[in-house]
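Trainee: I am new to this structure. Could we go through it together, one question at a time?

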Amino acid sequence: MRYQDTRHSRAFIVTLLALVLAPCASTRAVDGPAAVEVRGGTAAFDASTNVSAISIHGKSTALAGRARIVLNAGRMTIEGLDATVPVKTLNTGMGLRDEHMRKHVFTTPDGQIPDLRFSADSASCSGTDVQSTCQLSGQLTVRGTPRPFAIALKVTRDGGAFRAVGDGIVKLSAYGIPQPSQLGVRTADEVVLHLDFLARPASNPALMGGVQ
């Protein structure tokens, strides 16, 4: 009877260890490229004004994008990043201000309102394949005009998904956009852009640079 109890105890311990270690195995990095996509990420902005008590905050939860995440020997690299935000989804919480912003900041001379777009060929990352800080340098297109833009993203892997958060600075003057002014309140030239999104495995990797 004692032998049987010992055998059952060993079987229980083995089963317990398997359950404890299973999550670790499921989140283990697999080397190689993986196509990921973003749907419904958040892009927010903050702009100070000439009135210290007033700042302008707006956001969109319609950020969409795609990229390739390469994990190699415990390191992470981002390649082929392409992201867009429809201007009409940006909201400051005040309808009149939103109309003013779209008209004076985002509308082209021919009356078009093109999406905001950011693209980068690759990003250098420091850290591990689980958590890294990635320096992205690419082109941010505002009002149909591309200009160099850089942002640092903190990327954390959670299984097959990747959470990214980061801030960058956009200068309106770089796009030839005058600082918007309304009722004596004028925004600053520098606007802080904040990104927060979750990139999941792409539903159709074959359409994203041939990554399988």
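Trainee: In which loop is arginine 143 found?

Mentor: Start with the ground rules. This is a predicted model, where local features need pLDDT of at least 70, side-chain atom pairs count only at pLDDT 80 or more, and totals for chains, interfaces and linings use all residues. Residues are numbered from 1 along each chain as its sequence is written, and side-chain values use heavy atoms, with hydrogens and water left out. Strands (E, at least two residues) and helices (H or I, at least four) are DSSP runs numbered from the N terminus, and arginine 143 sits in the loop between β5 (131-142) and β6 (145-158).

Trainee: What is the phi of arginine 143?

Mentor: Most residues other than glycine have a negative phi. Arginine 143 is not a glycine, yet its phi is positive, at about 55°.

Trainee: Is alanine 73 buried or exposed?

Mentor: Alanine 73 lies in the loop between β2 (55-72) and β3 (75-85). Buried means under 20% relative accessible area, exposed over 50%, and partly exposed in between (1.4 Å probe, protein chains only). Alanine 73 has 64% relative accessibility, so it counts as exposed.

Trainee: How far apart are the end C-alpha atoms of helix α2?

Mentor: The expected span of a helix is 1.5 Å times one less than its number of residues. Helix α2 has 12 residues (residues 95-106) and should span 16 Å. Its end C-alpha atoms agree with that, at 15 Å apart.

Trainee: What arc do the buried residues of α2 cover around the axis?

Mentor: The buried residues in α2 are Asp98, Met101, Val105 and Phe106. They are on the same side of α2, because their arc (taken from the directions from the helix axis to the C-beta atoms) is only 70°.

Trainee: Which exposed residues does the face of α2 turned away from its buried side carry?

Mentor: Look across the helix from the buried set. That face carries Leu96, Glu99 and Lys103.

Trainee: Which cysteines does the disulfide join, and what is its handedness?

Mentor: A disulfide is a pair of cysteine sulfur atoms within 2.5 Å. Cysteine 125 and cysteine 134 are joined, S to S 2.1 Å. The torsion about their S-S bond is about 110°, so the disulfide is right-handed.

Trainee: How many helices and strands are in the protein chain?

Mentor: Read the elements from the N terminus on: α-β-β-β-α-β-β-β-β-β-β-β. The count is 2 helices and 10 strands.
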